[in-house]
Amino acid sequence: MRYPIIIYPNELLTKKMAPVTAITDEIITLLDDLYETMVAHDGIGIAAPQVGKNLRIALVEVDEGDLFELINPEIIERKGSSIDVEGCLSIPETYGTVERADEITVRYFDREGEEIEVIAYDYLARAFQHEIDHLDGQLFIDKIIERIAADQLEKYMEEHQDD
């Protein structure tokens, strides 16, 4: 089932999400529905609060076919930092630069209940941090260094592709 995306300033987007206490059939269905919703909206990540669900669940798929389903994720280590452009399905037509760690270690559970640790770099690390922020009620607009108008995004990206 494809969900509508919750749009800022909906207050659910600024609340800390509840941990998942058991991986049930409903959680598995939610994971599948989140994926369908993310793909339908051309996203690379989505978090449960973006579809109105108060749960610590997020999905990230930076490279097609390399899907991470994060249940109760936590960042346990951060290294380095860089600034890059971000946007968000819940804040349409809004873009800006945000500073994030270059490398992170994330611990989470998958749909089978297995605990996993992943070391992520660069764009994948950025996507994880963005989605985990959603689970903590934090939005990228609260961290924007430089706002970029939607009609200037392509030009900005071309000018800064080698940064």
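What share of the contacts in the chain with a separation of 6 or more comes from residues 24 or more positions apart? The share is 67%, where a contact means heavy atoms within 4.5 Å. Before we go on, note that this is a predicted model, in which local features need pLDDT of at least 70, side-chain atom pairs count only at pLDDT 80 or more, and totals for chains, interfaces and linings use all residues. Residues are numbered from 1 along each chain as its sequence is written, and side-chain values use heavy atoms, with hydrogens and water left out.

Let's start with the whole chain. With 163 residues, a compact globule would have a radius of gyration near 15 Å, and the chain agrees, because its own value is 15 Å. This radius is taken over C-alpha atoms, and the globule rule is 2.2 Å times the number of residues to the power 0.38. Along the principal axes, the C-alpha atoms fill a box of roughly 45 × 30 × 30 Å. Buried residues (under 20% relative accessible area, with exposed over 50% and partly exposed in between, using a 1.4 Å probe and protein chains only) make up 45% of the 163 residues.

Next, follow the chain from one end to the other. Helices (H or I, at least four residues) and strands (E, at least two) are DSSP runs, numbered from the N terminus.

Helix α1 covers residues 25-40 and reaches 23 Å from its first C-alpha to its last, close to the 22 Å expected at 1.5 Å a residue; the expected span is 1.5 Å times one less than the number of residues. An α-helix has 3.6 residues a turn, so residues three or four places apart point the same way. In α1, the buried residues are I27, L30, L31, D33, L34, T37 and M38. They pack against β1 (45-47), β2 (57-60) and β3 (68-79). Just after α1, D42 takes a positive phi of about 60°.

Now look inside. A nonpolar core is a set of buried Ala, Val, Leu, Ile, Met, Phe, Trp, Tyr and Cys residues joined through side-chain atoms within 4.5 Å. The largest one has 20 residues, and F68, L70, I104, V106 and F128 have the most contacts inside it. At least two residues each come from β2, β3, β6 (103-109), β7 (115-121) and α2 (122-135). Helix α2 gives the largest share, six residues. Apart from this core lies another, of 14 residues, including I5, L30, I46 and A48.
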